[in-house]
Each structure stands twice: as structure tokens, then as C-alpha cells.
Amino acid sequence: MTTTLVDAPAKTAGKVSRTTTKSRMLPTIILILGAFYCLVPVLWVAVAATKGPTELFTTFSFWPSVHGGFWYNLTHLLDFRDGIFWRWALNSLIYAGLGSVLSVAVSTIAGYALAKYRFPGREVIFLTILAGVLVPQITLAVPQYLLLSKLGLVNSYLSVLLPSIISPYGIYLSRIYAAAVVSDDLLEAGRIDGAGEYRLAWSVGLRPMVPGMVTLLLLQFVAIWNNFLLPYLMIANDRRFPMTVGLYTMLNQGASQPALYSLVVMGVFLSVLPLIALFLFLQRYWRLDLVSGATKG
Amino acid sequence: MRRTSAPYVFVAPAVILLAIFLLVPIGYTVWLSLRASRVTGDGLGLRHEVFVAFDNYKSVLTAPDYVHGLLRMLGYGAIVVPVMLGLALSFALLLDVPRVRLTRFSRISIFLPYAVPGVIASLLWGFLYLPGVSPIRDAASALSLPVPDLLSPNTVLFSVANIGIWGGVGFNMIVLYTAVRGIPQELYDAARVDGASEVQIALRVKLPLITPALVMAGVFAIIATLQVYNEPATLAPLSDSISSSWVPLMAIYRDAFVNNDIYSAAAASVVLALGTLVVSAAALRVLQKRAFGLDR
């Protein structure tokens, strides 16, 4: 079962249906209202980004401005403190990109071992991971900060990257997924042929797990990209801020300098664009049956 | 199976990271929560870290800040979890009704907010609430309705909850929709031959079959509720109605970094983490029982 965002294969064609026009209009209308609710704030920010600092508070909300506000906001945002916005975008990409790749690597290989080997300590590790799924990561952020500050690691890229790599939920999903898709028979056959465990893991174990890894990569990428409290605690130097923390601090300054609000709106608009593009592009690779626990061997 | 060291090598990176970033922080937090900085009676008036047993827990559990924050968080959860899951479930079932139009457009649009970070979503909605720029207020005054103050003490809980719902409904919809799509088509055909309407099929066939997925979504929604921080913290600069201890995590942050009282912050973290563990484990048990009850 590979359901993705795009696929909506025609349901059993030609079946007898008593569906009347009315009974299909209502669901359509409700769904469009839902779509409207979800889209309007994003559309509003696109419209608001066209307004200069004075127009933002004076013109009607849903009417885009043609007085060059867009250009003003864009150039002023990109010039803001020597182009620090680009730096924040790059940092977000580094934290989320590198963090999610490492996280998936660690989770996949651990999930594979937990699913396919019986070894002393396995139960303890798995129970710890389950507890880790249920303990909010965010409550750990403060003690993680205190520990890393003892190690002198705070305010560095590592202080955000390292805690982002460990994802108990990712390991848990990988274990379920490995149990479902990696064939025990193939592993046994390989062992009889004398293949080593590392070669088996690489050639028999990991290959069928690739679709699950891609889903996990996307989930983790979004989780790190969206993370706020961890980098907010760890990083004091604004040149190492990710975009979320950067825009937040700009908003805080906006309370005393309202002219910054229109730049923050532009920043919000620019920061939403790449993730939306990423999603529309990657949606076919989603395997969210993994998340709902539908994959059971 | 042969004896091999391979599984240990495979789990080593995960175990090392778990130990450093999960177990040690938990242990360290518990340790800190039992201590405090006190002026000791050696006549010099110096502050020393001393063992105070459960004093921090007592003061945290009786501090009005924390208690109010906790109640507010529960109120937030009582709004967000049922509304978000109710909407997600309705959308998922409606998407699966035969011959509904524009499903691809609706599905992608409703999912879109998932791509928007919580902080950015809060900034975005913050501007939609903010007097002076709010299109909601503009629309209300254009229709000569009473203009709502969306950031007043009475409304701000709903305004924050709305951001949580907006951000979470699409992801849960997709998870539930995926579960619905996994149901064998033959079940519907049999029901249709028996003369069941689409509403009956949705409620009597699809809903019971996707209950396990709904349970998982519910547990994760509860966990997310207990760690609500981004939305109120981001809205705080825009509204006087959000105090620095509006939800427990904000109070923890304030104690640890503004008041320099890491001991109280640690005790509050332990309470919150334990609470989450208990609530989510209990929810999992109860909901699962109900899920299996429905199956039979």
C-alpha cells in the first residue's frame, strides 16, 4: 500500500452508485472551505509582502499594493544587517539538511539491528527508545543546554546539530519498517552463502528500507527546520541563527521599531516558499502509512 | 543465529547519542531538581548549592504561575486535540467519498500548513490578529459586525489554539486518509450491495477500521499539546495578554534563563516530562482498549 499525496487512482470503476449530485456537492464544499482556511493566511502574507512599512497598517488587508512596497521590503530585508537573512536561510539548510541525513542514517541502522537481531540488551534499548518517544524532546532542551554549556559547546553549530540527530521516534519507525520489509529468508540465505553481517546489512537489509528512509528524511527535515526552542536556547550569536529564531528576534525588535514589521512579513513569505516548493516536488515519495502504523509485516 | 558483534555496532551510534542527549540530561535534571542555591549560615552570606530534597517540587506545584500555566495548557489541549482530530477525520473521510470534486486541490491545500514552521505560522497568524493589520477585523468592520479583539485576555487562548489546529490538521488528515486508503475495496462493495449509504459506510465500515491510526494520532496530538511553546512565545511580543509564564514551558524558560533559577526550572521540567509520560501512556492504554472494543 503506497498512498501518497498525489495518487488518487480512480476508485473501483464502473460500480453502481446511488450518489446524487447533491450528496457529492456537500463534501466538495466542506473540503473547499477547509482548503480556504488553510490557504488564506499564506495568501495574506503574499499580499502583505507587497506593502511598504506605512501601507501595511493603513491599506485594506486583501488588496495588494503596487507602490513598490514589495521591492522596498525585499531589498531592505536582504540588506538588513549586511544580508543576515541569507545567512539565516543557509543555517536552516545546514541544520535541517545535515541533521536529517545523519538522523536517518543513525535511526535506520539501529532500527534494522533491533528488528533483525536477538541480542542481550535489545529489550532495554527498545524500552528506552519508547520512553524517549513519550518524553517531550523540548523538556530536555534546558538540561541539554546546561550540559553542553559545561562542555563548552553552546553557541556552536554542533550544539543544535547533535541533539537533532537523535530521534527516538525515527528509530521506533525504522524498527517497525525493517521488521515489515526486510526478508528473513534472504538474510538466512546470505548467511548460508557465507556473507558477512555488514555486507548483508548493506545489500539485503538497507535496500528495501529506502522508501521508508525517504519519508523519515522528510519528517526529520521538517522537524529540524521548524525547531525553535533548541536553537533559541543554544545559539546566542545571531550569525548562527536559523531562520525561525532570526525572524523571531526581528519581530521582537519590531515592537520598538514598527518599520521592521513589513520586513518580517517579507521574511515570513520568503521562508515559507522553499518548504512549500520542496513539498510539492517531493510529495510522491511520502509513505505516511508508516506513521499511522499501517505497515505491519 | 551466529554470535556476532554486528548488532552492537549497528546500535552503537544511536545508543551513544541516546545516552548523551536523553539519559544524561534526564539524570542531570533530576539531580538539579533536588538542589537549590541557598545562603548558608557560615556568617559570610555566600550562596552554596545544597541538597533540598523535594522543596523545589513543592514550590513549583504550589506556585500560582505554574498552576495557571498548567490549567491554561490543559484548556489549550481540550480545544486543540478534539477539534484538530475531528476536522482531520472529517476531511479524510470526505476525501474518500466517491466522485467528490477537486480532492487533489483540497488535499494539498489542507496539508500545506505542515510545511510552515510553528514560529512562522504564529508570526503569520499574529499579523492576522494584530489590530491595525488584521484582515479579520477589516472584514468584520466592512460587514459592520462587532470588531473582535483577537489578542484580548478572553480570546487569546482560542487564537493560540487556532494556530495549533491550523498547523496540525493537514498532517493528521493525510495520516488518516492513508489509513482509509488501505482498507480493501471489497468491504465497501459488500456494504453497497446491502444498500448502505456513503455516510453509513464512512461511519460503520471505515471509522472502526482506521481507529488504530486515530489512536496514534491522538497520542501524538496530546504529546504535542504538553509541549506547546512556540505559538504563545511568538505571539507574546504582540499581545499583553500572554504573560512570561503563560504555559509551563514558558515559565521553565523564564526560571532557567531570566531568573537564573535552574533548580526550579529542573523540577518543573521533571514534573512536565513525567506528566507527559503518564498521560500519553494512559491515553494509549485507554484508547487502545476502546479501539479493540470497537473491532469486536
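Predicted model: local features only at pLDDT ≥ 70, side-chain atom pairs only at ≥ 80, totals over all residues.

1. Let me start with a helix pair in chain B. H7(B) and H10(B) cross in a right-handed sense. H7(B) spans residues 156–181 and H10(B) spans residues 211–226, and the two pack at an angle of about 160° with their axes 9 Å apart. Because angles over 145 degrees count as roughly antiparallel, H7(B) is roughly antiparallel to H10(B).

2. Which residues make the contact between these two helices? From H7(B) come B:Gly168, B:Asn172, B:Val175, B:Leu176 and B:Ala179. H10(B) supplies B:Ala213, B:Leu214, B:Ala217 and B:Ala221. By type, the contact of H7(B) with H10(B) has seven nonpolar residues, two polar and no charged.

3. Helix H3 of chain A (residues 84–116) packs on helix H10 of chain A (residues 210–226) at an angle of about 140°, and their axes are 8 Å apart. H3(A) and H10(A) are therefore oblique to each other, and their crossing is right-handed. On the H3(A) side the contact is made by A:Ser92, A:Tyr95, A:Ala96, A:Gly99, A:Ser100, A:Ser103, A:Val104, A:Ser107 and A:Thr108. On the H10(A) side the residues are A:Met213, A:Leu216, A:Leu217, A:Gln220, A:Phe221, A:Ile224 and A:Trp225. The contact of H3(A) with H10(A) divides into nine nonpolar residues, seven polar and no charged.

4. A word on chain A as a whole. Chain A contains 13 helices and zero strands, so its pattern along the sequence is simply α-α-α-α-α-α-α-α-α-α-α-α-α. Of its 297 residues, 44% count as buried. Taking contacts in chain A between residues at least 6 apart in sequence, 74% join residues at least 24 apart.

5. You will find A:Phe241 in the loop between helix H11 (229–234) and helix H12 (243–254) of chain A. Is A:Phe241 buried or exposed? With 22 other C-beta atoms within 10 Å, A:Phe241 is buried, because 20 or more are enough for that label. Leaving aside neighbours within four places in sequence, A:Phe241 is in contact with A:Trp88, A:Asn91, A:Pro231, A:Ile235 and A:Gly246.

6. Next, the contact between the chains. In the model, 87 residues of chain A are in contact with 88 residues of chain B. Where does the largest share of the chain A side come from? Helix H1 of chain A (residues 21–48) contributes 16 residues, the largest share of the side that touches chain B. That side of chain A divides into 62 nonpolar, 19 polar and six charged residues.

7. Back in chain B, do have a look at helix H5, residues 118–129. H5(B) has 12 residues and reaches 16 Å from its first C-alpha to its last, close to the 16 Å expected at 1.5 Å a residue. H5(B) is mostly covered, with 12 of its 12 residues buried. Among them are B:Gly118, B:Ile120, B:Trp125, B:Phe127 and B:Tyr129.

8. Two loop residues in chain B deserve a glance at their backbone. B:Arg99 has a positive phi of about 60° although it is not a glycine, and B:Arg99 lies in the loop between helix H3 (64–95) and helix H4 (103–111) of chain B. B:Arg99 is partly exposed, with 14 other C-beta atoms within 10 Å. B:Asn260, also not a glycine, has a positive phi of about 55°. B:Asn260 lies in the loop between helix H12 (248–258) and helix H13 (262–295) of chain B, and counts as exposed, with 10 C-beta neighbours inside 10 Å.

9. Finally, B:Arg204. B:Arg204 sits in helix H9 (residues 198–209) of chain B and is partly exposed, with 13 other C-beta atoms within 10 Å. How far apart in space are B:Arg204 and B:Thr4? They are 50 Å apart, C-alpha to C-alpha, and 200 residues apart in sequence.

Note on methods:
Residues numbered from 1 in each chain as written. Chains lettered and ligands numbered in written order. Helix = DSSP H or I, 4+ residues; strand = E, 2+ residues; numbered from the N terminus. Expected span 1.5 Å × (residues − 1). Contact = placed C-beta atoms within 7 Å. Nonpolar A, V, L, I, M, F, W, Y, C, P; charged D, E, K, R; others polar. Axes fitted to C-alpha atoms, helices over the stretch in contact; angles between N-to-C directions. Parallel < 35°, antiparallel > 145°, perpendicular 65-115°, else oblique. Left-handed = near helix turned anticlockwise from the far one by under 90°.
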